[in-house]
Amino acid sequence: MWPRHGPRGGLAGVLGLAAVCAMPLLASSNAAAAGATPVAISAEPLGGFRGRYPAEKVFGQLEWLGGLRISSSDPRFGGFSGLLSLRQGERLLAVSDRGNWFSARISQDADGTPLDVTEATMGPVLDKKGVSLDNRHRGDAEALTMTPDGGTIFVAFEQQHRVLAWDGAQSIPGGLARRVKAPAAIKTLDGNKGLEGLAASAADGPLKGALVGIAERDPQERPGNPGWIFGPGRETSFRLRQSDDFDVTDAAFLPGGDLLVLERRFNLRYGLGMRLRRIRGADLGRGGAIDASLVMEADLRHQIDNMEGLAVHQNAAGQTIITMISDDNQSVLQRTVLLRFRLIDAPQPGSMDGPDAVAPDAASTGAQPRAKP
């Protein structure tokens, strides 16, 4: 979600800038029992990613495929902070910071360009007792990930910092929630700046199926973002070096084992921005202070909003497709946009072998501790 206070302008600053820049179920038959219901959706194509230059297709190491502005009159709609891309991009599953699931079909062409959103449903996130988490204190979901085999879905929450898990599904998750043992240090994070990035590694890779969690910002404003690699019998901490006042909003593993990190910036000095950076898998496993290379950066000249959800999938041709969604804070001054790109990638020297092999990028941020506004 957006920062509520502090040097970057707070909620009032966000609204001001926007104004100026204007569950247990396993199948659809169980949806009603879990409170999931159909949602009427409107999806409008965005055209080019850089508004004034619709023919421009390449942005950093990404090729623009297309995007949609999604809207609905349903009061539950919006606030999406976590995203999964399923069935080679034909379905999406998102979670909102109001404690609701959103599942839909994405109509797409052969190269993955999103054309429409149909078959949409929404339902409350349910806890281990089957009680709805659809309130801002208990249900402030900020990150969503799934094991590569699709067996388990994980959600990280802030306000009450914790990670919950459900049985995997190709729509709204089934089964009752169960608590995941997470690092005790996440309890020290600020209420509104918890685990924003959460990614599940491959079981047969170097991280052995561990979860990787990254906080939005250090609670004491120290340089770098606190991060953890955790799972049964394992816990390692690291710090992601930061620059230019960006905060982490999501993370997802690439097919080769590198970690893609989505970041957002908002303040009166820089305005609104987003970027994607890439952590080499080999560096992630070592812990300590970690650098990341720049994949793409965008600002208000581009079709972005408050970008918070990130998903990665491979299409039938084996290409890596990146999908992002924005958190509109359920505000009439913001938008829910779905963006999709193809990763322009080539293996580089220094890669690891095996399922989590690394393909580092040539471009580097030269990241330094976060600049003060």
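Trainee: What relative accessible area does Arg241 have?

Mentor: Arg241 is partly exposed, a class that sits between buried (under 20% relative accessible area) and exposed (over 50%), with a 1.4 Å probe and protein chains only. Keep in mind that this is a predicted model: local features need pLDDT of at least 70, side-chain atom pairs count only at pLDDT 80 or more, and totals for chains, interfaces and linings use all residues. Residues are numbered from 1 along each chain as its sequence is written, and side-chain values use heavy atoms, with hydrogens and water left out. For Arg241 the value comes out at 34%.

Trainee: Which residue's side chain meets Arg241 in a salt bridge?

Mentor: A salt bridge here is a side-chain nitrogen of Lys or Arg within 4 Å of a carboxyl oxygen of Asp or Glu. For Arg241 the N to O distance is 3.1 Å. This pair links distant parts of the chain, 50 residues apart: Arg241 is in the loop between E16 and strand E17 (247–253), its partner in the loop between strand E20 (288–290) and strand E21 (293–299). The partner is Asp291.

Trainee: Are Arg264 and Glu216 buried or exposed?

Mentor: Their side chains meet in a salt bridge at 3.0 Å, N to O. Arg264 lies in strand E18 (residues 259–267) and Glu216 in the loop between strand E14 (211–215) and strand E15 (225–231), so the pair ties together parts 48 residues apart in sequence. Arg264 has a relative accessible area of 1% and Glu216 is also at 1%, so each one counts as buried.

Trainee: How many strands does the chain have?

Mentor: Helices (H or I, at least four residues) and strands (E, at least two) are DSSP runs, numbered from the N terminus. The chain has two helices. Its number of strands is 24.

Trainee: Why does Thr152 count as buried?

Mentor: Thr152 sits in strand E10 (residues 152–157). Leaving aside neighbours within four places in sequence, Thr152 is in contact (heavy atoms within 4.5 Å) with residues including Trp166, Met146 and Arg178. Thr152 counts as buried because its relative accessibility is 15%.

Trainee: Which residues gather with Lys187 in a patch of positive charge on the surface?

Mentor: Lys187 is in the loop between strand E12 (174–180) and strand E13 (195–200), and counts as exposed at 52%. Patches use residues with over 30% relative accessible area and no salt bridge, joining like charges within 9 Å and nonpolar side chains (Val, Leu, Ile, Met, Phe, Trp, Tyr) within 5 Å. Lys and Arg count as positive and Asp and Glu as negative, with His and the chain ends not counted; each charge is placed at NZ of Lys, CZ of Arg, CG of Asp or CD of Glu. Gathered with Lys187 are Lys128, Lys129 and Arg179.

Trainee: What share of the residues counts as buried?

Mentor: The chain has 373 residues and exposes about 14,500 Å², 53% of it supplied by carbon and sulfur atoms. The buried share is 57%.

Conventions:
Accessible areas come from the Shrake-Rupley method with a 1.4 Å probe; for residues, only the protein chains shown count as cover.
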